[in-house]
Amino acid sequence: MRCTNRYGAVGAVIFTLIALLLVLNQKHKSESETRQIINTFQRRLDYVSKLNTDNLQQLNIVKQQNFRLLRTLNSIKSCKQTQEQQRRNSTSLYEQHNDTNSTEQQFELNVIETSQNGFRLPSGLSYLKHLNGKTDLLSPQFRRTSNTNKQHINSNYTMIIGIPTVKREKQSYLIETVKSLIDNLNENELKQILIVCFIAEPYNIEYVRTTSQEIEKLYFEYIESGLLEIVAPPSEYYPDLENLKLTLNDNSDRVKWRTKQNYDFSYLMMYGLSRGKYYMQLEDDVITKPNYVHTIETFIAQQNTQDWFLLEFSSLGFIGKLFHTSDLDALVNFFLLFAADKPIDWLVDYYMDTKYCHFEADRISCTRTKALYRMRFKPSLFQHIGVFSSLKGKIQKLKDKDFGKNVKLFKGHENPQTVSIETTLKQYDKYSLINAYAGQNFFWALQPKSGDTVEFKYNPPLSIGRIYFKSGNPEHPGDRFFNTTVDVQPSVPPKDKTIAYEYDGHGFYTVANFSHESGIAEAMIHESLNLISTVRLKVHYKSENWIILNEILIEPTK
């Protein structure tokens, strides 16, 4: 019995061991199978991932192809829309605006070009986003040109001279500048040159008209002959000048002034680029020398090649800079792109750096390279005469040291003989009134006070057709007559009591007033006032300025 029990216990142990071995073997087998399954899934996952990567690459390629195709279609569509807009709009940039009848005339300027493959090429309009592509908004707000040549726009000038001007708080030098340019032209040059006075006051049309009338009063014949044109830009041309990004550590007023000035110069260049061969940039406060046009033409001819970019006839700022009109298109685009960032004379330098200098060139090498395309003429042909800048509060007494002294400070005339020349003004140095009347020099006197007079007396009395006086001169443009009248005294009281002249009650009639802008007084004398025994200048208010009379003309009736 004991033996049976012993065998039974041993069997149970053996059975248990066998069962344990079977369980362990089954567990190992299960782990192995699980590992195989995991490896299989990992291989499949890697394969699927690779397929996804390949598909994504293919998908990206397809997307890029579709994007290129869509961009091409949009470009072609945009081009067609531009062409359609061009057909609807006028192809010209400018219209004629006159202060009397607002007659409009358009002339052609290629603003947008389209290549044969249908793509729209960039233009200056890319930098005038505020226009929204409306080129008709670029037409001048005001334009005064020859009434005799309205149907023909002359585009064969040898040189266009651009003079931008704005309203100054203290003193205007524009008339002096225009006078100097015209007086120093010969008869042949009067037909070859176009002088454009650009009145950059788009928000002050009254000032534009007043200034135009002042110029027209003095130089009507030159406007009609085609020598002189007066233009003012539209306000729509300018961006919002009150919200400009500040640059160069300048305050908002200076950034606004600089940006507007860049837009002014750019518009003036656009106006002139289709009118002739060369474009000369000046400012509104300069004078020049006799035969300046001949000197410029000679200097051009002396260049070994016509591949030059810029010829300079003054060392100051943006004065006396000569360009080929064919170069202005690209230059204007550059100015408009960086209009708010740099002054315009700096931009010219940067433009030439980009155009002519190697990227790795040092400053000395770059300057040497630019000198092949930028030549300076000496002595300077233009001198800066302004003192009060167009920037409010700025005083700049800049003078070109290379200009020299070769400038005429008076204009002499052969005047009728007088019995006496008298003045209460105190003469300065050797500049006498008698020599000024004889056309030998100018008259210079200390500050006038109220009641001071200058008198020219004639015996026998003289029949006078025209009187002309000009005060100030190129070196001292501020020494002008202010609040001063020109009066004449007839030898006998006029029979016509309806004549439109102010009578002072003492035998004198006022025929003209000195202009505060130009310093000029001019009058055509009505026949009812002749014969005249005395011509008088009378000061009505004290002035802080000295007085210069640089031109006196008493013209007898013909």
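Reply: First, the ground rules. This is a predicted model, in which local features need pLDDT of at least 70, side-chain atom pairs count only at pLDDT 80 or more, and totals for chains, interfaces and linings use all residues. Residues are numbered from 1 along each chain as its sequence is written, and side-chain values use heavy atoms, with hydrogens and water left out.

Start with strand β19, which spans residues 509–513. Helices (H or I, at least four residues) and strands (E, at least two) are DSSP runs, numbered from the N terminus. Four of the five residues in β19 are buried, so the strand is mostly covered. Buried means under 20% relative accessible area, exposed means over 50%, and partly exposed lies in between (1.4 Å probe, protein chains only).

β18 and β19 form a hairpin with five residues between the strands. Gly505 takes a positive phi there, near 85°.

Now step back. The protein chain has nine helices and 22 strands. Of its 558 residues, 46% are buried.

Helix α5 covers residues 292–302. Its buried residues are Tyr292, Val293, Ile296, Phe299 and Ile300. They cover an arc of only 125° around the axis, which puts them on the same side of α5. The arc is that of the directions from the helix axis to the C-beta atoms. On the face turned away from that buried side sit the exposed residues Ala301 and Gln302.

Next come the charged pairs. Side chains of opposite charge can pair when their charged atoms come close. A salt bridge is a side-chain nitrogen of Lys or Arg within 4 Å of a carboxyl oxygen of Asp or Glu. The whole structure holds 25 of them. One joins Arg144 and Glu216, whose closest N and O atoms are 3.0 Å apart. Arg144 lies in strand β3 (residues 142–144) and Glu216 in helix α3 (residues 205–225), so the pair ties together parts 72 residues apart in sequence. Both Arg144 and Glu216 are buried.

Another joins Arg374 to Asp349, with the closest N and O atoms 2.4 Å apart. Arg374 lies in strand β11 (residues 374–376) and Asp349 in helix α7 (residues 344–356), so this pair ties together parts 25 residues apart in sequence. Asp349 counts as partly exposed, because its relative accessibility is 28%. Arg374 and Asp349 also belong to a network of salt bridges with Glu312 and Lys321.

How far can the model be trusted? The mean pLDDT of the protein chain is 80, and 72% of its residues reach 70 or more. pLDDT is the predictor's confidence in each residue, from 0 to 100. It stays under 50 over residues 85–116. Where pLDDT is low, the predicted coordinates should not be read in detail.

Note on methods
Two strands pair if DSSP finds at least two bridges between them. Contact means heavy atoms within 4.5 Å.
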